[in-house]
Amino acid sequence: MERIKTANKKYRVVSLFAGIGGFDLGFENAGFNIIWANDFDKFAVETYKANIGRQIVLGDIREEKENIPEHDVLIGGFPCQPFSTLGKLKGFDDADRGDLFFEIKDILKMHRTKVFVLENVKNIINHNNGETFRRILHELHSIGYDCYYKVLNSADYGIPQRRNRVYIVGFLRDAFDNVPFGYPDTIPLQLTTQDLLDKEVDKKYFLTPKIEKTILGEGTKGYIVQPTIDLPISKTLTATMHKMHRASQDNYVTDLESRALFDDNNRTNIRKLTPNECRKLQGFPGDWVQVVSDCQAYKQFGNAVTVDVSYAVAMKLMEYMNKNMR
């Protein structure tokens, strides 16, 4: 996707919990102007500055919210760990991250932001028997927003990754005509994971026999799973994929060509994905610069919003705003 010059952009966007900017890139490519972004992770901010721009501010949004400039659109993939099945499911009771939704609510109320787009894990809809999500929608409605939500899968927008995320879109009731918002249509998937694999891969990414036994095991205790590798559509990339600590949780591929490039009896033919492959499986551009360790890069791509999904939503939003904003 070709970036649109800032001079042509009329809608100002602030990005909360921006991470490395997957959300931001999608909106920027659709013609929005990202004027301010924030994240509390110094490594994510370093990557953002190296690849997207210097409009990102390092710090806790609780302390930075007074510095947010006037804007038309707010976007944010607010922390998903309190609502994810891979976390402890504490929801709003998570002392560190569970209440950050209410910071978003305060910012929307303070600025009378015309539009917001929020992203989170699919399970937030079902968390606490649906009470959590019903409260989110109620809180947003109470401050003047008409809300829509839908689960979107990255594999339905050109990226061979099974990544289901809920996208909540809200419109300030006083700023828009009462016209329903429609989410982007899906597009046929033209690529497989194998199409995106690197041609030559360093031996450090190949598994040892000991690790392979764990990865291809059927799990332990209450976690039982059928081992899978070489999937044409990758499993969801996760922030913990560098750890390789659970059977069949992450993505592994057989790579005979790269394995033939080195001699090492303690390496198998199976490897994990490289950070560069994770980049491609999240839709980030080819000129992306990795300025952090592999460990941090895996975490960053695992936490990111898929650029192509963000772009599809942003294009529909641009069309809607142009037609229906008073």
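Modeller: Arg 112 lies in the loop between H4 and strand S5 (115-121). The model is predicted.

Biologist: Why is Arg 112 called partly exposed?

Modeller: Its relative accessible area is 37%. Buried means under 20% and exposed means over 50%, so a value of 37% makes Arg 112 partly exposed. Arg 112 also has a positive phi of about 50°, although it is not a glycine.

Biologist: Which other residue has a positive phi although it is not a glycine?

Modeller: Phe 17 does, with a phi of about 50°. Its place is in the loop between strand S1 (12-16) and H1.

Biologist: What makes Phe 17 count as buried?

Modeller: The relative accessibility of Phe 17 is 14%. The limit for buried is under 20%, so Phe 17 counts as buried.

Biologist: How do you know whether Arg 165 is buried or exposed?

Modeller: Arg 165 has 13% relative accessibility. That is under 20%, so Arg 165 counts as buried. Arg 165 lies in strand S7 (residues 164-172). Leaving aside neighbours within four places in sequence, the contacts of Arg 165 include Glu 119, Lys 122, Lys 150 and Thr 236.

Biologist: What makes H1 mostly covered?

Modeller: Eight of its eight residues are buried. Among them are Asp 24 and Glu 28, along with Phe 23, Leu 25 and Phe 27. Just after H1, Gly 31 takes a positive phi of about 105°.

Biologist: Which residues of H1 and H10 meet?

Modeller: From H1, Gly 22, Phe 23, Leu 25, Gly 26, Phe 27 and Asn 29 meet Val 307, Ser 310, Tyr 311, Ala 314 and Leu 317 of H10. These residues divide into seven nonpolar, four polar and no charged.

Biologist: What makes H4 roughly parallel to H5?

Modeller: The axes of H4 (residues 100-111) and H5 (residues 131-142) come within 10 Å and cross at roughly 15°. Angles under 35 degrees count as roughly parallel, so H4 is roughly parallel to H5. Phe 101, Phe 102, Lys 105 and Leu 108 of H4 make the contact with Arg 135, Ile 136, Glu 139, Leu 140 and Ser 142 of H5. The residues of this contact are five nonpolar, one polar and three charged. The crossing of H4 and H5 is right-handed.

Biologist: Which residues have the most contacts inside the largest nonpolar core?

Modeller: They are Phe 27, Phe 32 and Leu 317, in a core of 82 residues. H10 gives the most to this core, with nine residues. A second, separate core of five residues includes Ile 215, Met 244, Tyr 252 and Ile 270.

Biologist: What does Phe 27 touch?

Modeller: Not counting residues up to four places away in sequence, Phe 27 touches Phe 32, Ile 34, Val 73, Ile 75, Val 117, Ser 310, Ala 314 and Leu 317.

Note on methods: Residues are numbered from 1 along each chain as its sequence is written. This is a predicted model: local features need pLDDT of at least 70, side-chain atom pairs count only at pLDDT 80 or more; totals for chains, interfaces and linings use all residues. Side-chain values use heavy atoms; hydrogens and water are left out. Helices (H or I, at least four residues) and strands (E, at least two) are DSSP runs, numbered from the N terminus. Buried means under 20% relative accessible area, exposed over 50%, partly exposed in between (1.4 Å probe, protein chains only). Contact means heavy atoms within 4.5 Å. Ala, Val, Leu, Ile, Met, Phe, Trp, Tyr, Cys and Pro count as nonpolar, Asp, Glu, Lys and Arg as charged, and the others, Gly among them, as polar. Axes are lines fitted to C-alpha atoms, for helices over the stretch in contact, and angles run from 0 to 180 degrees between N-to-C directions. Angles under 35 degrees count as roughly parallel, over 145 as roughly antiparallel, 65 to 115 as roughly perpendicular and the rest as oblique. A crossing is left-handed if the near helix is turned anticlockwise from the far one by less than a right angle, and right-handed if clockwise. A nonpolar core is a set of buried Ala, Val, Leu, Ile, Met, Phe, Trp, Tyr and Cys residues joined through side-chain atoms within 4.5 Å.
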